[in-house]
Amino acid sequence: MGRQKGDGARSKARPSSSSLAASLLPSSSAAAAASVGFGGYVGSSRLDSSLSTEDSNPLLDIDSEVAQHLKRLARKDPTTKLKALASLSTLLKQKSGKEIVPIIPQWAFEYKKLLLDYNREVRRATHETMTNLVTAVGRDLAPHLKSLMGPWWFSQFDPSSEVSQAAKRSLQAAFPAQEKRLDALILCTTEIFMYLEENLKLTPQNLSDKAVALDELQEMHQQSIGINSLLYCCLGFFVCVHEIFCNFPLISLILERPGFENLSAEQKRASKAKATAISFAEKLFSAHKYFLEFLKSQSPAVRSATYTVLKSFINHIPQAFDGGNMKTLATAILGAFQERDPACHSSMWDAILLFSKRFPDSWTTLNVQKSVFNRFWSFIRNGCFGSQQVSYPALVLFLDSIPSKAFSGDKFFLDFFHNLWAGRNPVHSPNVDRLAFFRAFKECFFWGLYNASRFCDSVDSVSHFRTTLINDILVKLLWQDYLSSVSSEDQDSDQPLSGKATEMQNIKYPISYLQELGKCIVEILSGIYSLEEDLLSLFCAVFQEACEGLFQQKATTEQPTLNIEPIIKFLFLVDQHAKQEGESWPLLHLVGPMLAKCFPLVRSLDSADGARLLSISVSIFGARKVLQAIFSNNNAPFCGPPCEKDSEMKLEYFLQVYKETFIPWCLRGHNCTTSARLDLLLALLDDECFSEQWHAIITYAIDLVNSKIDSGSMDSNHLAVLGMLFDKARNEIRIRKVGEDSFHPPGSLPDHWHHELLEATAVSVAFSLPPFGTSDAQFV
């Protein structure tokens, strides 16, 4: 009985897949040959080369020399394989296409095996041989295209760049035009996914039919499952046949036209390929339990590939995530922070962020604290297990992806920042990691301040949350760490310490850490000021208390010096930021009120550190602005019209304060604080009234000296102060001096410091009764 039409017979009017494939290939001499099925094998057994079908011609005999080299490809030794591949390449260049076509079925079998070889040189040489083969046979490759395309596409994404480039060159040799390559993929959609499904079912035991060492089998299996099949065959092909559908000109026509019946045969094939790709992907996703078992693999490459595939499914097939699997997937993806290998963290973050954004309701399907946040706290508390450059920038994105209902207000953010802070490594971390940490900390802090209304239900709760964040995180974590770390830099104590105190004192933070910590604090303060001026007062009050506490400590303990270094270094950081950003808040809200509050204490205690703090403040902000800040809060010893807070003190009142307050204090007696007081006195010299200020200084100092000479006694203390003042004046001349041809500002030349009273006083001292002291000689 003959076979009836329609029962498996191919219609003559309908082109066969092989003829369609031939149209994609460059024209060459035609050769009749039969295809031997998917991949040229069943399981791990080679098909008999004599196998034929009703519609195919018997396989032609293979050249004995070529057959010998093909046989050698099955050897275990990579050297033997490389020699066989080199010999095959040479023969393929010498023989005609008709002579080569009969070897394609056997080559297809060996080709698939060689692509999984653990030796990258073998894989690379395999693709070079493939290039020579497809170049020689041309369009006669068509009947075998579907059996080859699965492993061929698979090899385009080999983890070795040399191998993947060789694979791409072989595909380009067969299909020089990009359109033809895409058409070939569309034609072989089913075969590619069948090949993928087959690879996913492989185990190390059934991967090879030869006695291959276990470690080699495991590496081959990892490459097959983790790096190629799972990631690239699924992701690479699906993205190509799905995303390119939206981007490629031919495919975009399909999406734009409403009527499928109006599409050409080529467009219908593309549409069918898309539907096939989606259908296969959904079946794979379900059959392999959403690929979650691969997240338990011992191989980081497999786990990383799994995260990437999950991201691809979230992005392209969101319908695969439904009520039946959402809880399982949410627990696995949102709770992926148990992943400790840094090599996996980039793909892990991609999957987490996309899943959270695409499926915000998934957070309600699981115990968020147990399944997500506790794991997240451990992750950041351990410094992201070494992936700082990848993970720290992702933190603010993660905060933004969390739905409002999943936050627990203050508690969440306090836990977040405390765990993040605990994960920093101030001593041993590289500078790039340290920068990434502080950048992430600042970004997350701002995110919390600016998005408080997302998880606070009232204006009062928003205000309370922001206050809590500033007090508990900015002040108690960052500021306290800055004060203690800078203070301990030069700490030298004979007092025995124990426990954690000993450990902390023995840790010396790098200068770069302290610099970045201080900059982070200043930048956060700037952001707070731009958000709400009143919020800045919370930190300013703490800053004032810290400074005042230092001076009060001296009053109670009678220590000769104070550790004012943290404050001074912080002022320089504030100045650097203010100059870069053109901001005025540091003096108005932070430094000015602090100086106004501490100045009476500094004067009464005659503190050298206090005088130094004032001098540096003057050098940063300017003499008249600093005095305006100090004496604008009821500290002025005169009655004058009030000035704007952000303005300089009027010149007449500035001179009055300088003469009545600073000159008597700074020239008072000779002791351990004199040098600091004289530095302050000279720092307050203003170019606009330099001569008048210097005249006032000399007049007051000479009067003190002359009053003693007139009474018949010589006070060496006042002379010592004058001698020290002149030494500092000489240093000021060197500092202020500029080029000879330039304009000479006040104080830049010795003549600017000359005063007639000095000569007369020197004569009086010289004629005074001996004996002369050191200070007398120094003055003269």
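Predicted model: local features only at pLDDT ≥ 70, side-chain atom pairs only at ≥ 80, totals over all residues.
**The chain overall**

We're looking at 780 residues, of which 52% are buried.

| Helix pair | Residues | Axis separation | Angle |
|---|---|---|---|
| helix 5 and helix 6 | 104–114 and 120–137 | within 10 Å | roughly 155° |
| helix 25 and helix 26 | 565–581 and 585–605 | 10 Å | about 160° |
| helix 29 and helix 30 | 651–666 and 674–683 | within 9 Å | roughly 150° |

Let's start with helix 5 and helix 6, whose axes cross at roughly 155°. Angles over 145 degrees count as roughly antiparallel, and so helix 5 and helix 6 are roughly antiparallel to each other. Their crossing is left-handed. On the helix 5 side, the contact uses Ile104, Trp107, Tyr111 and Leu114, which meet Val122, Arg123, Thr126, His127, Thr129, Met130, Leu133 and Val137 of helix 6. Sorted by class, that contact has 8 nonpolar, 3 polar and 1 charged residues.

Next up, helix 25 and helix 26 pack at an angle of about 160°, which makes helix 25 roughly antiparallel to helix 26. Helix 25 goes past helix 26 in a right-handed crossing. Helix 25 brings Phe570, Leu571, Val574, His577 and Ala578 to the contact, where they meet Trp585, Pro586, Leu590 and Val591 from helix 26.

Which way does helix 29 run relative to helix 30, roughly parallel or roughly antiparallel? The axes of helix 29 and helix 30 cross at roughly 150°, and that makes helix 29 roughly antiparallel to helix 30. Helix 29 passes helix 30 in a left-handed crossing. In the contact, Tyr658, Phe662, Ile663, Trp665 and Cys666 in helix 29 meet Arg677, Leu678, Leu680 and Leu681 in helix 30. By class, the residues of this contact divide into 8 nonpolar, no polar and 1 charged.

**The loop between helix 29 and helix 30**

Cys672 sits in the loop between helix 29 and helix 30. Is Cys672 buried or exposed? The relative accessible area of Cys672 is 71%, so Cys672 is exposed, the cut-off for exposed being over 50%. In space, Cys672 lies 7.6 Å from Ala608, C-alpha to C-alpha, although 64 residues separate Cys672 and Ala608 in sequence.

Finally, helix 10 covers residues 189–200. From first C-alpha to last, helix 10 reaches 17 Å, close to the 16 Å expected for its 12 residues at 1.5 Å a residue. How many of the 12 residues of helix 10 are buried? The count is 9, making helix 10 mostly covered. The buried residues of helix 10 are Thr189, Glu191, Ile192, Phe193, Tyr195, Leu196, Glu197, Asn199 and Leu200.

Key. Residues numbered from 1 in each chain as written. Heavy atoms only, no water. Axes fitted to C-alpha atoms, helices over the stretch in contact; angles between N-to-C directions. Helix = DSSP H or I, 4+ residues; strand = E, 2+ residues; numbered from the N terminus. Parallel < 35°, antiparallel > 145°, perpendicular 65-115°, else oblique. Left-handed = near helix turned anticlockwise from the far one by under 90°. Contact = heavy atoms within 4.5 Å. Expected span 1.5 Å × (residues − 1). Buried < 20%, exposed > 50% of the residue type's maximum accessible area, 1.4 Å probe, protein only. Nonpolar A, V, L, I, M, F, W, Y, C, P; charged D, E, K, R; others polar.
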